[in-house]
Amino acid sequence: MPPRIDAAKCNGCGTCDRHCPIDVIELDKGKRLAVVKYPDECWHCGSCRLDCKEGAVEIVFPPRMLLV
Amino acid sequence: MSSLEQYGKVFETDVLVVGGGLAGVNAAIAAAENGAKVTIVDKAAIERSGSMGGGIDHFAAYLETGEQWDTRQAYLAYAGKIARGAVNLRVIDKIYCGELPAAIERLARIGNPLTQPDGTYYRTQSLGQPGPYMINFNGKHLKPRLAKEARRTGCRVLEKVAVTDLLTSDGAVSGVIGFNIRTGEVIVIRAKALVLSTGNTNRLFENPTGLPFNTWQCPADTGAAQSMAFRAGAAVANMEYLRLTVVPKGFSAAGLNALTGMGGKLLNALGEEFMPRYHPAGNKAPRFKLVEGVLFENQSGRGPVFMDCRHLSREDLEHLNRTLGYDKDTLPDFIRQKGVDLSKDLLELMVSEGMQSGPSEVCASGIKIDEECASTLPAVYAAGDCADQTRCCSPTIAGGYAAGKGAAKYAQSVAELRPVDEEQIVNAKERVFAPLKREEGLSHREFEDILRKILWENLGVVRTDGSIRNALSKLDKLEAYKDRLVARNLHELMRVNEAQEMLQVGRLSAVASLHRKETRFGVFHRRVDYPETDDANFCGQIVLQKRQGEVKVTFNPLTYEIPEA
Ligand SMILES: Cc1cc2nc3c(=O)[nH]c(=O)nc-3n(C[C@H](O)[C@H](O)[C@H](O)COP(=O)(O)OP(=O)(O)OC[C@H]3O[C@@H](n4cnc5c(N)ncnc54)[C@H](O)[C@@H]3O)c2cc1C
Ligand code: SF4
Ligand code: SF4
């Protein structure tokens, strides 16, 4: 389920956590890494990707949405 | 320490905006510009929260260019035609027409003009309009720009706070209570006046993809304002209407207007352009007619239904692809990942999940508002998709501003903050946090799934007196399970609260529907036991209000002469 965070690119800035309108993403402060905590609550608004300055967010639609 | 601080963190303000979405940020800017101290509270961050946080692409407006359809009169006549029985022309004349020029100017001023780079307007026609009212624009960063302006005008912003209850004192609203969804801290905000703007109600009906958050409008909008205001005694109206739209198969994404506005055609499985059989405007018919067309083609064995853009010029296709991404940032990704190329392939469509959101683009459903955006509760204003007369981009921007102005004026007339009833705080805290203390019970997900199934089976596109009563009796039983809801953490606690708001809205919708013994707006209120539209008896609003614990139902007739300019 979208989004997918590239751990190598994520700098732990927390913008995607703050800007997600649905509270899907939570920053792991210890690891300084954005975690998609509630993937099945994502509504694919794209805000996390729009505002990630590191280009660490990729939107991947699940087969359930693409294939039905 | 004031005595209230024993319960949590306490804030005081002149105007409190509950829900910093599109209506809320405009309301906040208005109130601040009119001299009020303003606080915005939102369960997310106002930079991207709400339905259009990720972008928006069309702004409906008449521009008085001299064309016959491009006037205030023509717009009001169109509104009266497509939303007859639901829209109050006097109200939208004041808050939409009255605020429209300033809204267009404001967007330009904050750096998000509605014009193309060459300074012209790109306008398209769709959804039953008499002319090209839809101004196409790049609204990908409109929300962060409005948020920046709200902060610049001095508004205080409380983010990640879910508001759960209105606090009242002597019948007037004195503030709200909520909690921080990350820390669990209780938040009490005292205000002289409030603007409620938490959007429409989503996740309410069964989702055709089985994914409840795969919704057309923002799934964090779950009817908080409608539910809180009703409980506090405010009148709500237009609640009976089911809203549906047509979306790409598998993804409940905005974009229909962009597709049909650019000339996209709906085809059935036989390759026929079927919409002219349902409405003279064909693919540019009002939304409820497009839904009806897709639904009935499928039911008649002529489905699936597709969007055909193959005939568009390369230039128009480029514009379309850009616009689709402005409206729903990830829709171009979806189309690509599905392996569809709009220049060569058909895009399969489906009817979306249902929601509470009013029957048309020109008015909505929810808190009943007057010409100043005031609700029937003193000190409470409302705008956007949670109010009965404003929705969509331009009416919400205009209406939000009108509500903020009204609230600022009201706040100025009040000398002091109203007292807060501590017992209400204690009760609200007890109710809201109880699910965290329960060891076992019903998850919000299970509760919501039951609600969605009851509503879709009984209050969907086929309604009868029997099905509505069946829904109500099942909702009564579900109500009893509210005391068994469990939450394992604060995120789930927010969801549990949302589920209860949705139940309240579902119930109001059923009660209103029972009283509307007619069909109006096709499948948006289809009483198969009363299949005709009955203007003699039902051209107006079903209004619901809580009185001594009961729901009082009244009828507010509406007439359609165009108000004097
Ligand atoms: C993808 C998309 C594209 C769209 N494009 C267009 C378009 O091009 N043209 C058009 O006319 N319309 C469009 N719309 C519709 C338009 O966006 C909405 O009508 C508009 O956003 C409604 O504004 P609102 O302020 O009422 O609700 P929202 O903007 O959704 O804001 C509601 C706010 O309330 C907050 N909230 C909810 N509950 C609580 C609570 N309990 N406590 C605290 N905060 C809460 C939410 O977090 C949110 O910030 C689009 C909608 C979507 C989903
Ligand atoms: S915005 Fe990007 S860099 Fe920042 S936390 Fe999120 S994924 Fe990481
Ligand atoms: S796409 Fe939107 S809802 Fe999904 S995680 Fe990103 S910001 Fe949140």
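Which element gives the largest share of the shell around ligand 1? That share, three residues, comes from β7(B). Helices (H or I, at least four residues) and strands (E, at least two) are DSSP runs here, numbered from the N terminus.

This is a predicted model, in which local features need pLDDT of at least 70 and side-chain atom pairs count only at pLDDT 80 or more, while totals for chains, interfaces and linings use all residues. Residues are numbered from 1 along each chain as its sequence is written, chains are lettered from A and ligands numbered from 1 in the order in which they are written, and side-chain values use heavy atoms, leaving out hydrogens and water.

Around ligand 1 there are 34 residues, a residue being near if one of its heavy atoms lies within 4 Å. Asp42(B), Asp221(B), Asp327(B), Asp385(B) and Cys393(B) come nearest. Because the surrounding residues belong to chains A and B, the site is shared between chains.

In chain B, α1 (22-33), β7 (161-169) and α11 (393-412) are the elements that give two or more residues to the shell. Domain 1 (3-242 + 355-422) and domain 2 (252-351) of chain B both contribute residues, so ligand 1 lies between them; the bounds come from an automatic or database domain assignment.
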